[in-house]
Amino acid sequence: MTMIWPAFMVGIALTIQKWGDWYGSLGFNRPMVAGTIVGILLGHPAEGITIGAALELVYLGSISLGGVMPQDFGMGAVFGTAFGILLSSKTSVAIALSLPISMLGTLVYQLFKIWATALVPRFETHLKEHNIKKFNRLWQIQRAVYLLMWFLMGFIGIAAGTSAIKSLVNAIPKPVMSSLTVAAGMLPAVGIALLMITLWNNKLAPWFFLGFAIVSFFKGTMIEVAFIGVCIAVLVGISDLSKNKQKPSTPEGGSSESSVEEDFFND
Amino acid sequence: MTDQVQKYDSFLTDKHTEKQFYRKLFWRQNWLMFCTSYTKQQAVTYSWTLEPFLEKIYGKDTPEFYSAMLRHQTFFNTTPMMAPFIMALNLSMERENHDTKGKFDVTSITAIKSALMGPFAGLGDSVQQGALRIIATGIAIGFCQKGMWLGPVLFLLIYNIPNFLIRWYGAKLGYSVGQEFVQKAMANGIFKTITNAVSVLGLMMIGAMTAQYVTFTSTFVTKAAGQTFKLQAVLDQILPGLLPLVLVLCCFAYLRKKNRPVRVLVAILVLAFVLTFLGLTGGKA
């Protein structure tokens, strides 16, 4: 079985995923979407969506904030799903494979970012020389290099790696396999914990437990929790605002101030 | 107030140019993340986005155009979704600078940019990553687990419709409101209020996800004194979902002190192996 065609498709998938991660923050970096893209391109959309969902849970809390990316979960998801589909292996194997690959992805991206950083003074030089054409050309080059880099990454990874990965996966003994399945169920805890850190505030802690209780005790769905959560968030916002308004308006006492604020919110 | 707004605008002269301006800005700002660097983050593409508009304001290849482009080479980093507001606000200031012929203090252009990017990033990240993404994921993932198309489609819609509405209307708002208005809005704590409310929503969703999506149950069964003893049944009597909750809280407590997620990932893998080999998990329930 030749791997050239799937390798080409995964290269395309990785490029689309990276493009949609940055262009307009479309959310293509999320494993759920990345897995779907791979699934469509490899001709197994349903598998792609399912594996993507399992990976999404593992990387739930991994987000790239302020350009810092702890793990390249987008690339991990693309390769994990691709190997999962190509080797028709279990989802837990796809997860286990995606973990080291996502770390490799970070390394690749860091190399690119170092190159991009080296370009920054050149952009400025072109502007100082009043040469906007060169400025624009350089910008187009960095975009092309970025997208091409990911295509090659996906192509080479699948074309060269699949047979090695296949023999590795086949050699996994059964108890290890069931351990991996248990781990796959537990790993979402890391993602959730990471997410908690970004939002945590000791005063807000009870809301976390309330969300847990609605699902765990009363078997609520995520949509039901979201519905209740929006109501509570609005209530919290309103009470915060009325507190804020009382403080600054006492020294100034201007009624025009508050009407401007309301205009801002009505927009 | 209305007199100021209706002041002659040399840049957006009529309805047609106005439409063109917002459309062009919208299509260009989407590229913001490309060419992110360690030293200046999004600065290069920020200036690239403004390029055609600055060209129109100051004229092609004029020294004023190039000095404006160089002005926008300063460090810039914010949630991409929030950038159109700042870009449009900057362009309205550049236009004013051109119209007043040097009476405008150009340092304020860079100053407002630097002043806004921090709070906007805080607000944007908590709205986009903390609330929108979690709600979209929470709702969509159930469908995804069944391999249904609806899952990814729902995720993209719930996540992206507000994303692009904020970009589009952010640009419109940014061009039309003055810089003083922005400073006022920052002073009276609106950003903090929204961030706080969004965190409440986000934390509730995270709590719900803990119960819904962390699978950690014991399959340990033994016979003692003629009765079958199921460990999980006992745990469920204490508190439904106890193991997932404890696991998440342990991860959280560790990660909060030491931000080393990879270590925790490895620790969980090891724990899963140990528990399975001891026969506590992974058997047939």
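Student: How many residues of chain B are in contact with chain A?

Tutor: In this predicted model, 91 residues of chain B are in contact with 85 residues of chain A. On the chain B side, the elements that give two or more residues are α3 (43–58), α4 (63–71), α6 (107–145), α7 (150–176), α9 (190–213), α11 (242–257) and α12 (261–277). The largest share, 20 residues, comes from α9(B).

Student: What kinds of residues make up the side of chain B that touches chain A?

Tutor: They divide into 56 nonpolar, 31 polar and four charged.

Student: Let's take one of those helices. Which residues of α11(B) are buried?

Tutor: Here is the general idea to start with. An α-helix has 3.6 residues a turn, so residues three or four places apart point the same way. Now the case here: the buried residues of α11(B) are B:P244, B:L245, B:L247, B:V248, B:C251 and B:F252. Because they cover an arc of only 165° around the axis, they sit on the same side of α11(B). On the other side of this helix, B:A253 and B:K257 are exposed.

Student: And what covers the buried residues of α11(B)?

Tutor: Both chains take part: the cover includes α7 (174–186), α8 (188–199) and α9 (205–216) of chain A, together with α9 and α12 of chain B.

Student: What end-to-end span should α11(B) have?

Tutor: Count 1.5 Å a residue: the 16 residues of α11(B) should span 22 Å, and its end C-alpha atoms are 23 Å apart, which agrees.

Student: How do I read a phi value?

Tutor: Most residues other than glycine have a negative phi. In chain A, A:S25 has a positive phi of about 40° although it is not a glycine. A:K219 also has a positive value, near 55°.

Student: Where do A:S25 and A:K219 lie?

Tutor: A:S25 is in the loop between α1 (4–22) and α2 (31–42) of chain A, while A:K219 lies in the loop between α9 and α10 (222–252) of chain A.

Student: Is A:S25 buried or exposed, and what about A:K219?

Tutor: A:S25 counts as buried because it has 25 C-beta neighbours inside 10 Å. A:K219 has 11 other C-beta atoms within 10 Å, so it is exposed.

Student: Last one: which domains does chain B have?

Tutor: The domain assignment gives domain 1 (7–206) and domain 2 (214–277) of chain B. Taken over C-alpha atoms, the centres of domain 1 of chain B and domain 2 of chain B are separated by 44 Å.

Notes
Residues are numbered from 1 along each chain as its sequence is written. Chains are lettered from A and ligands numbered from 1 in the order in which they are written. This is a predicted model: local features need pLDDT of at least 70, side-chain atom pairs count only at pLDDT 80 or more; totals for chains, interfaces and linings use all residues. Two residues are in contact if their C-beta atoms, placed from the backbone, lie within 7 Å. Helices (H or I, at least four residues) and strands (E, at least two) are DSSP runs, numbered from the N terminus. Ala, Val, Leu, Ile, Met, Phe, Trp, Tyr, Cys and Pro count as nonpolar, Asp, Glu, Lys and Arg as charged, and the others, Gly among them, as polar. Domain bounds come from an automatic or database domain assignment. The expected span of a helix is 1.5 Å times one less than its number of residues. A residue is buried if 20 or more other C-beta atoms lie within 10 Å of its own, exposed if 12 or fewer, and partly exposed in between; C-beta atoms are placed from the backbone. The arc is that of the directions from the helix axis to the C-beta atoms.
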